[in-house]
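Okay, thanks for coming, everyone.

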Amino acid sequence: MELKNVYQHIIDGDAASVENGVKAALAEGTDAGAILNEALIAAMDEVGRRFEEGDFFVPEMLVSAKAMQAGLNLLKPHLAATDGKAKGKVAIGTVKGDLHDIGKNLVAMMLEGAGFEIIDLGVDASPEAFVGAVQGGANLIGMSALLTTTMSSMGATIEALKAAGVRDNVKVMVGGAPVTEEFAKSIGADAFAPDASSATRVARQLTA
Ligand code: B1M
C-alpha cells in the first residue's frame, strides 16, 4: 500500500479506506512511524493549509480528523512499545476553549507506551480539572493547545495550581502547534515538547 494513498484518503475524509490502507501498510511491514509522519500527519498539515486558503471549511477538517483518528487507532499498538515500567501518573488534556484532540491523543498514546499511567482529561479541560487531577495523585501534567487564543489557558492553569497550593507537587509540560519554548518559560511551565516522541523523552526527564 502506497502511503500517498493513505494520505489522500485522509484528505478525502474516507475513514474506511484509511483503515484498509493502514492495515495493508502494516501487513507489508511498513514502519508505523513512517505511516504516522508521511501519511497521517502530513495529510493533516495539508488539510490545515487548504483551510487557511479557504479551499476547506470546518466540516472537511472534521471528517479528515476522524479519518486520521481511525488510522491512529490502528497504529497505537505499534507506536506504543512499552518496557513495562510505570514512570508516573500523567494528567493530560487539551486546554479550556480548545477542541483539538488528535495531537493530545497521540502524545497520550506514546506516554502510555512508555509506561506512564494516563489520566485523560479530554478536550476543553478547565484549570480546575487539572488541579483535581494533581490532588488525585498526578505527578505530571500535560497541556495541549492548538489555537493561539487558547494558549493563555495554559498560564491560567498554572496559576490555578499555585492558588490551590499544589504547584510544587507536579511537573508541567506543554505542547501544541502554536506553543514555543519561550512561551512555556513565560508562563512558568517546566518543559515544552514539540512533538509526541520528544514529549515522551521530556516526560521521562521530568519524572526521573
Ligand atoms: Co482547527 N485549527 N479549528 N480544527 N485545525 C487549526 C489548529 C489551524 C492551525 C488551521 C489553520 O488555520 N491552518 C487553526 C488555528 C489558527 C490559530 O489559532 N493560529 C484552526 C482553527 C482556526 C479552528 C477553528 C477556530 C475553526 C472555526 O471554527 N472557524 C475551530 C476551533 C474549535 C475549538 O477548538 N474551539 C477549529 C476546529 C477544528 C476541527 C474540530 C474541525 C478539527 C479538530 C478535530 C479534532 O482534533 N478532533 C480541526 C483540525 C483537524 C485542525 C488541523 C487541520 C489539524 C490539527 C491536527 O490534528 N494535526 C489544524 C491545522 C494544522 O495543525 N496543520 C487546525 C495533527 C496533529 C498530530 O498535530 O495537534 O499539532 P498537532 O500535535 C502535534 C504537536 O503539536 C505536538 O505533538 C503532536 C504530534 O507530533 N503536541 C504536543 C500537541 N499537543 C502536545 C502536548 C504536549 C507535547 C506535544 O505535551 C503535553
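Let's begin with His-100, which has its place in the loop between strand 1 (89-95) and helix 5 (102-113). Helices here are DSSP runs of H or I with at least four residues, strands are runs of E with at least two, and both are numbered from the N terminus. Before I go on: this is a predicted model, so local features need pLDDT of at least 70 and side-chain atom pairs count only at pLDDT 80 or more, while totals for chains, interfaces and linings use all residues. Residues are numbered from 1 along each chain as its sequence is written, and side-chain values use heavy atoms, with hydrogens and water left out.

So what does His-100 do at the cobalt atom of the ligand? Its NE2 is the only protein donor there, at 2.2 Å. Donors means N, O and S atoms within 2.8 Å of the metal (3.2 Å for Na, K and Ca); water is not among the atoms, so sites may look incomplete.

Now the domains. The assignment, which is automatic or from a database, gives domain 1 (2-81) and domain 2 (89-207). Their C-alpha centres lie 25 Å apart. In contact terms (heavy atoms within 4.5 Å), eleven residues of domain 1 meet seven of domain 2.

How much area do domain 1 and domain 2 bury between them? About 810 Å², with 75% of it on carbon and sulfur atoms; that's the accessible area, with a 1.4 Å probe, lost on putting the two parts together, summed over both. On the domain 1 side, Gln-69, Leu-72 and Lys-76 supply 45% of the area buried against domain 2, more than any other three residues.

Lys-76 comes up again: its side chain meets that of Glu-112 in a salt bridge at 3.4 Å, N to O. The rule wants a side-chain nitrogen of Lys or Arg within 4 Å of a carboxyl oxygen of Asp or Glu, and it finds one such bridge across this interface.

Which elements give two or more residues to the side of domain 1 that touches domain 2? Helix 3 (32-52) and helix 4 (58-79), and helix 4 gives the most, with six residues.

Last stop, salt bridges in general: the count comes to seven. One of them pairs Arg-49 with Glu-46, at 2.8 Å, N to O. Those two are three residues apart in helix 3, so about one helical turn separates them.
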